[in-house]
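Please look over the sequence and the structure before reading the points below.

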Amino acid sequence: MESPVLEMTDVSVRFDEDLVLEEVNLKIYPKETAVVIGLSGSGKTVLLKTLAGLYHPSKGHVKCYGRDWDDLSVIGRHDLAQKVGMQFQKSALFDDLTAYENVAYPLKEHSRSSKEEIHARVMECLKAVDLEKAKGMLPFEMSGGMKQRLGIARAIALKPEILFMDDPTAGLDPINSDNMADLILALKEEIGSTLVIVTHDLSRAYQFAGRIFFVGSHRVLETGSADETKNHPDPRVQQYLQGRLTGPLTDAGDL
Ligand SMILES: Nc1ncnc2c1ncn2[C@@H]1O[C@H](COP(=O)(O)OP(=O)(O)OP(=O)(O)O)[C@@H](O)[C@H]1O
Ligand SMILES: [Mg+2]
């Protein structure tokens, strides 16, 4: 059996008294597409950031390529972080940097590339998301869709082996959302990366998956392929998929 690239063992994450994730166990394998779904506020972003080593679990272990994020030295974390790209929800761009500089940032920070190599890679990434002409623009001058694409260009700059995407089609019109989905699938193909992607859009979830993971009641439940998820017996999953107001997810007051 192939070794997982990401592994959570008995992971709980809390912020002060607020328990977000409890006893999470999961494994993500090389080059797979794992799709994360669940209600707003259920902990999807926290899950992604914890997997990426950006949040520390209050309990349990998170391993990336078999190495526990918390056991690594600063240099070790820095090295491992090069293999990881993240497109943050709402893009989290550097507001005072141009589109070009936003994409160049991780390359300057994490790679030992020459100026010329960095320039070539930045232009390649901007081209991949159709933003070559916007290279001099600041984020506030860009539309929501452009910012989403720029967040992706920055995330792929280092050709990450693991790519995290947090709701990349959020706020996009149907045509741009389709374009974005095609772009993501094409990039995945090109980079050959492992993809962990959060989405609120079920048709996208089915289109991308892979395996689907449902976050709810502080737990992460692997619900399987698109078809397995649609027919999943867990009543919380069914409530979520059917968008019902009442049911175990909302009645229990857990979320
Ligand atoms: N840095 C933080 N400090 C304190 N609480 C946090 C932090 N990050 C997230 N939380 C809390 O964790 C819970 C889950 O948040 P999270 O952002 O993971 O939800 P989500 O599933 O991504 O929601 P959405 O679909 O709206 O993006 C929320 O109650 C949130 O307030
Ligand atoms: Mg989120």
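Helices here are DSSP runs of H or I with at least four residues, numbered from the N terminus. The model is predicted. In it, T229 belongs to helix α8, which spans residues 226–230.

**Ligand 1**

- The shell around ligand 1 consists of 14 residues, and S40, G41, K44, Q89 and H200 are the closest of them.
- Strand β2 (18–28) and helix α1 (44–51) each contribute at least two residues to this shell.
- The largest share comes from α1, with three residues.
- Backbone N or O atoms approach oxygen atoms of ligand 1 at several residues, including G41, where the distance is 2.7 Å.
- For V46, a backbone N or O atom lies 2.9 Å from an oxygen atom of ligand 1.
- For S42, the corresponding distance from a backbone N or O atom to an oxygen atom of the ligand is 3.3 Å.
- On its own, ligand 1 would expose 640 Å², of which the protein buries 64%.

**Aromatic rings and charges**

- The structure contains three aromatic pairs.
- One of them joins F94 and Y105, whose ring centres are 4.6 Å apart; the pair counts as tilted because the planes meet at 50°.
- F94 sits in the loop between β6 (84–87) and α3 (99–110), while Y105 is in helix α3, so the pair links parts that lie 11 residues apart in sequence.
- F94 has a relative accessible area of 29%, so this residue is partly exposed.
- Y105 is also partly exposed, because its relative accessible area is 36%.
- R154 is positioned over the face of F94, 5.0 Å from the ring centre.
- K230 places its charged end over the ring of Y206, at 4.6 Å from the centre of that ring.

- Is T229 buried or exposed? T229 is buried, because its relative accessibility is 0% and the cut-off for buried is under 20%.
- Which residues does T229 contact, leaving aside neighbours within four places in sequence? They are I37, I212, T223, G224, V237, Q238 and L241.

Terms used. Residues are numbered from 1 along each chain as its sequence is written. Chains are lettered from A and ligands numbered from 1 in the order in which they are written. This is a predicted model: local features need pLDDT of at least 70, side-chain atom pairs count only at pLDDT 80 or more; totals for chains, interfaces and linings use all residues. Side-chain values use heavy atoms; hydrogens and water are left out. Buried means under 20% relative accessible area, exposed over 50%, partly exposed in between (1.4 Å probe, protein chains only). Contact means heavy atoms within 4.5 Å. Rings of Phe, Tyr and Trp (its six-membered ring) pair if their centres lie within 6.5 Å; planes under 30 degrees apart count as stacked, over 60 as edge-to-face and the rest as tilted. A charge sits over a ring if NZ of Lys or CZ of Arg is within 6 Å of the ring centre and within 35 degrees of the ring normal. A residue is near a molecule or strand if one of its heavy atoms lies within 4 Å of it. A polar contact is a pair of N or O atoms within 3.5 Å; within protein, one must be able to donate a hydrogen and the other to accept it, and residues adjacent in sequence count only if both atoms are side-chain atoms. Accessible areas come from the Shrake-Rupley method with a 1.4 Å probe; for residues, only the protein chains shown count as cover.
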